[in-house]
Amino acid sequence: MAGSTSSEAAPVDGRTLRDVCGMFVTGVTVITSGEDGDAEGTTVNSFTSVSLDPPLVLFCLHKESRLRAVVDASRKFVVNFLQGQQEGLARAFAGKGTAEIRDVATHPSVTGVPVLSDALAFLSCRLVDEFDGGDHTVFIGEVVELGVPRQHQEPLVFFRGWLGALDEELRGVPSIVDG
Ligand SMILES: Cc1cc2nc3c(=O)[nH]c(=O)nc-3n(C[C@H](O)[C@H](O)[C@H](O)COP(=O)(O)O)c2cc1C
């Protein structure tokens, strides 16, 4: 892949696609779903906002993820935006041996789905639609509650497989969120 700028049609392999998509810097979320003892969480960077009116967001989840059945059954989820110090949490909710929600500080959103109490911000959503996306499912949620409990902290960012805090220099940029 390195150095290639070819635009000719050629079979695209998954590893190369993942490497190229890794050049697109994103924030990092943990999606939580379910309630009480049945709640689960998974680290996800495929979050995006979709619509302001109505307020819709989406994320893409691998069809083999444990979280998929929980979202389908409960039809609600919370998008927790991680802050710069939560790299360990992001790794704990990714891959094998995924962390348990009960081991993390949480409080219930209006839907009952747990919010990670130390997250930078959160969006609590009701599932309104889902679409087939190849080996992933695209979940669309309507935002019913939101909050920015840690707005003065830097976000956790993901770039080329690297997880870390956004450069602290950006802290000087005025917030676009009032208050
Ligand atoms: C930074 C980062 C971003 C990720 N983004 C996604 C994603 O958008 N969708 C997804 O299905 N898995 C994503 N994963 C992988 C999941 O966190 C998890 O490893 C995978 O879904 C399988 O585990 P599970 O059964 O616990 O969900 C990501 C992992 C990391 C570390």
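Q: Why is Arg150 called buried?
A: A residue is buried if 20 or more other C-beta atoms, placed from the backbone, lie within 10 Å of its own, exposed if 12 or fewer, and partly exposed in between. Arg150 has 20 other C-beta atoms within 10 Å, so it counts as buried.

Q: What kind of model is this, and how are its residues numbered?
A: It's a predicted model: local features need pLDDT of at least 70, side-chain atom pairs count only at pLDDT 80 or more, and totals for chains, interfaces and linings use all residues. Residues are numbered from 1 along each chain as its sequence is written.

Q: Which residues is Arg150 in contact with, leaving aside its neighbours within four places in sequence?
A: Contact means that two C-beta atoms, placed from the backbone, lie within 7 Å. With those neighbours left aside, Gln83, Asp118, Ala119 and Leu120 are in contact with Arg150. Ala119, treated in the same way, has contacts that include Asn80, Phe81 and Arg150.

Q: Where does Arg150 lie?
A: You'll find Arg150 in the loop between E10 and strand E11 (156–159). Strands (E, at least two residues) and helices (H or I, at least four) are DSSP runs, numbered from the N terminus.

Q: What makes E9 and E10 a pair?
A: Two strands pair if DSSP finds at least two bridges between them. Eleven bridges join E9 to strand E10 (residues 136–147), and the two run antiparallel. They form a hairpin with two residues between them, and Gly134 in the turn has a positive phi of about 65°. Gly133 stands opposite His136 in E10.

Q: How many bridges join strand E6 to strand E9?
A: Six bridges join E6 (residues 76–81) to E9 (residues 121–133), again running antiparallel.

Q: Why are E1 and E12 called edge strands?
A: The open sheet has three strands in the order E1-E11-E12, with antiparallel pairing. Strand E1 (26–27) and strand E12 (162–165) each pair on one side only. Two bridges join E1 to E11, and Gly27 stands opposite Val157 in E11.
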